[in-house]
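Visitor: Please take me through the terms applied to this model, and show on what each of them rests.

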Amino acid sequence: MQRIRIRHSLAVIGFIAIAQTAPPRLEHYRLVPGFLPEVFTESGMAQGNGFATPNPWGTYTAYRLATNAKGHRTWRIENYLPNPAGTTAQGSSMYLFEGSTRALLVDTAQNTVDAPGQPDLKAVVRHLLGSNDDGSARAKAVDFVVANTHSHGDHTGKNSLMSDRTVYYPDLDWPRSAAPPNYVPIKEGGGPTTHGSGTATGEIDLGSRKIVAIDLHAHTPGSTGYLDRENQMIATGDAIGSAYVWAHFASITQYAEAVRHLQDVLRPFDWVAVLPAHFYQVKQGLRGKAPINGRPLDKAYVDDQRRVAEGILNGSVVGEPYRVVGRNAAIATIDSAGVVYTLGNLSPAGALEPAAYHAIEIPGPSAIDPPSGRFAAIDAIKSRIYLIRDFGQETLYLVVGSTKALLIGTGSGTPGIAAFVKKLAGALPVEVIVTSTDPGQIGGLAQFAGATIYIPDSMAAPAGTSGVTRVSRGSRIDLGTDRAGRPLHLDVHPLSGHDPTGLTLLDATNRVLFSGDALGTQASDAGLILREGLTPFDGALARWRTATDGKYDLVYTAHNYEWFTSPAYVDSVQAAVRKGIAEGDAALTDSTRLPGMKVIRSAGAPDVIASIVLAGRGL
Ligand SMILES: [Zn+2]
Ligand SMILES: [Zn+2]
C-alpha cells in the first residue's frame with residue numbers, strides 16, 4: 001500500500017514537471033507610462049529623493065512586470081524615503097497582483113509623507129488597476145486588498161491609509177495591542193489563532209488567481225511570503241533579503257529552516273521569480289558586476305542562501321564584521337547570497353554540533369581603506385585576526401603573521417579545534433598561548449601535541465603537555481610581519497586578579513589588546529569574576545595601565561563575541577573597582593547571571609559597561 005502511494009506521488013510530480021509551461025517572462029524594468037525611472041548613486045542607492053526631475057507621482061514609481069494569458073497583470077511599485085542627510089533615499093518595493101475580481105497589494109512600504117495634492121499610495125494603485133497598458137482608462141477596474149510580508153515599518157508604512165479594506169497581516173507578527181479591525185491574520189495553511197476572528201487565512205483568492213501564504217519565519221517571527229503558483233512568482237518581503245538577509249534577529253538555525261522550507265515550496269517550479277522588498281539591492285555592490293550582473297533574484301539565490309546559512313552553522317563559512325548593524329553582527333557570503341547574523345545567537349542553547357567552530361575574520365575583505373568612521377580602529381588592522389567561538393561559548397583568537405600564526409586560548413576542548421585553526425592558518429605553523437589556568441584557555445591544549453605552546457611562567461604545565469615555553473612580563477612572541485610589512489609581535493603584560501597567572505597580549509603595531517580573562521567579559525552582569533580583593537586588583541590594574549595605556553584601540557576578551565570593544569571598557573573596569581572600594585557594600589547589587597552572587601557595575605552604555613563579581617576576598 002505504501003509503495004503504491006509513493007509511486008503515485010512520484011507520478012504526480014513527474015506529470016507536473018512535464019505539464020509545466022513557462023509563465024510570462026518578467027520585465028523587471030518596464031516602466032508604466034507616466035512614471036519616472038529612479039536615479040542611483042555609484043553605490044546603488046537612490047540619489048537625492050530618487051528622481052532626476054519633479055515626480056508627478058510623488059515618492060512612487062511603478063513597473064509592469066508581466067501580463068498573463070488571462071490578462072492579469074503584475075506590477076512592482078517603488079517608494080522612496082529620503083535619508084536624513086537628503087543625499088540618498090531608501091527604497092521599499094511593493095507588488096501588485098491583479099485577478100479577475102480583485103487585486104492584492106503586497107506591503108505598503110515607507111511612511112513617506114504624501115504632499116497635499118500629490119497622489120498617495122492608494123491613488124497609485126487605483127491608477128495602475130484603472131489603466132490599460134497603453135495608458136487609456138480600463139472599463140472594468142478591480143479594487144484591491146492588502147497583505148503585509150512582515151511587521152517592519154519600512155513595509156507597513158501606509159497601512160493606516162488602508163483602513164477601508166482588508167489587510168492580511170502575518171499571524172506571528174500580530175500587533176501586541178490594538179490591532180486595527182480590518183486586519184485579518186494570515187499564515188501558511190491557515191487555521192486557528194488567538195488573533196482577529198480566531199481563524200487565520202492561508203490563501204487569498206483574487207478571482208482566477210490564487211495567492212498562498214508561505215511561512216518564512218526568521219527575519220521577523222511571522223515573516224510571510226506570497227506565492228502565485230500559476231504564474232510562478234513569490235513576494236518574499238525581507239525574509240530572505242534582497243541580496244543579503246538581516247537574519248540576526250533570529251537564530252541561524254531558524255533561518256536555515258525557513259530557507260529549506262522555501263526551497264521545498266519552490267521545488268516544483270522551474271522559472272519562479274523571487275520578488276524581494278528592497279529591489280534596488282539586487283544590483284548593488286558585487287551583485288552589479290560579473291558573473292551576477294544585477295540579475296534579479298531566482299531559485300539560485302535561494303539555494304545560495306541555504307548554503308550560507310548551513311555554512312555558518314557548521315563553521316565552514318567564515319564571516320566578517322558587518323559594520324552597518326554594529327559590533328554584534330557579522331556577515332557571510334557565498335556567490336549571490338549573504339546572511340547577516342550574530343555569533344551570540346547561532347542556535348538555540350545546546351543545538352549546535354559540539355565539534356563545530358565558528359569564525360569571523362577581522363578586519364575582513366570589506367575593510368575600508370583608508371580607515372574611516374566609527375570602526376576605523378578595525379579597518380586599521382593590517383594583520384589577519386580570526387575571532388573563533390566554540391561550543392562552550394569561549395572566544396579564541398588566531399593572529400596570522402607572515403611567518404606563523406598564534407592561537408590565543410584553546411577553548412573548552414571540544415574536538416576539532418586544531419584542524420579548524422590549521423585550515424585558517426593555511427601553510428603557516430600554528431603556535432599556541434594560554435593566558436591563564438581557566439578551563440576555557442587550556443581545554444583544547446591536548447589537541448596541539450608537538451606545537452610550540454606558551455604558558456604563563458607561574459603556571460604548572462597542564463597535564464599531557466611537554467616542552468612548554470614559559471612567558472612573563474617583557475616576553476615577546478614574534479609572528480613576522482603584518483600585511484603592511486610592519487613587524488608583528490605580541491608583547492606579554494601580566495595582570496592578576498581573576499587568576500594569579502593571568503596575562504594579556506598587546507599587538508602595539510596594530511593597536512590591539514587581547515585581554516584573556518584578566519579584564520573579564522564586557523557585559524552588564526558577571527563580566528569580571530574577581531578572585532582577588534578589590535584593593536590589590538586596583539593596584540595591579542594601575543601598574544598594568546602604566547605599561548599599556550594609549551597603545552591599543554581595541555580590546556578582545558576571552559568571552560565576548562562582539563568584534564568591537566573600545567579601550568573605554570578598561571576605564572569602566574577601573575571605575576567599577578573604585579566604586580566598590582569607595583562605597584563598600586552599598587556598591588553591590590544582586591547578579592542575575594550568577595544567582596546568589598553580588599556584582600559591582602560601572603556606569604556607561606551597554607558597549608562599555610563593566611561588571612565585577614567578588615568571587616574571592618571581597619573588598
Ligand atoms: Zn524587515
Ligand atoms: Zn526592509
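**Terms and their grounds**

Guide: Strand 5 and strand 6 (residues 143-147) run parallel and are joined by 5 bridges. This is a predicted model, in which local features need pLDDT of at least 70, side-chain atom pairs count only at pLDDT 80 or more, and totals for chains, interfaces and linings use all residues. Residues are numbered from 1 along each chain as its sequence is written, while chains are lettered from A and ligands numbered from 1 in the order in which they are written.

Visitor: What makes strand 5 and strand 6 a pair?

Guide: Two strands pair if DSSP finds at least two bridges between them. Strand 5 and strand 6 have 5 bridges, so they meet the condition. One of these bridges has L104 and V145 as partners. Strands themselves are DSSP runs of E with at least two residues, helices are runs of H or I with at least four, and both are numbered from the N terminus.

Visitor: Which strand pairs with strand 5 in the antiparallel sense, and over how many bridges?

Guide: Strand 4 (residues 88-98) does so, over 4 bridges. In this pairing F97 stands opposite L104. Strand 4 and strand 5 form a hairpin, with 3 residues between them.

Visitor: Why is strand 5 called mostly covered?

Guide: Of the 5 residues of strand 5 (residues 102-106), 4 are buried. A residue is buried if 20 or more other C-beta atoms, placed from the backbone, lie within 10 Å of its own, exposed if 12 or fewer do, and partly exposed in between.

Visitor: What makes the unit of strand 5, helix 2 and strand 6 right-handed?

Guide: With the strands pointing away from the viewer, a right-handed crossover runs clockwise from the first strand over the helix to the second. Strand 5, helix 2 (residues 121-129) and strand 6 make a β-α-β unit of this hand.

Visitor: How do you know whether R470 is buried or exposed?

Guide: R470, in strand 26 (residues 469-471), has 12 C-beta neighbours inside 10 Å, so it counts as exposed. Leaving aside neighbours within four places in sequence, R470 is in contact with I455 and D457; contact means C-beta atoms, placed from the backbone, within 7 Å.

Visitor: Why are the buried residues of helix 6 said to line one face?

Guide: The buried residues of helix 6 (residues 417-425) are I417, A418, F420, V421 and A425. Seen down the axis of helix 6, they fall within an arc of 165 degrees, so they line one face of the helix. The arc is that of the directions from the helix axis to the C-beta atoms. Their cover includes strand 22 (395-400), strand 23 (405-408) and strand 24 (430-433). Just after helix 6, G426 takes a positive phi of about 65 degrees.

Visitor: What makes strand 11 and strand 16 edge strands?

Guide: An open sheet of 5 strands has the order 11-12-13-14-16, with mixed pairing. Strand 11 (203-205) and strand 16 (273-276) each have a single partner strand, so one side of each is left without a neighbour in the sheet.

How values were computed:
Contact = placed C-beta atoms within 7 Å.
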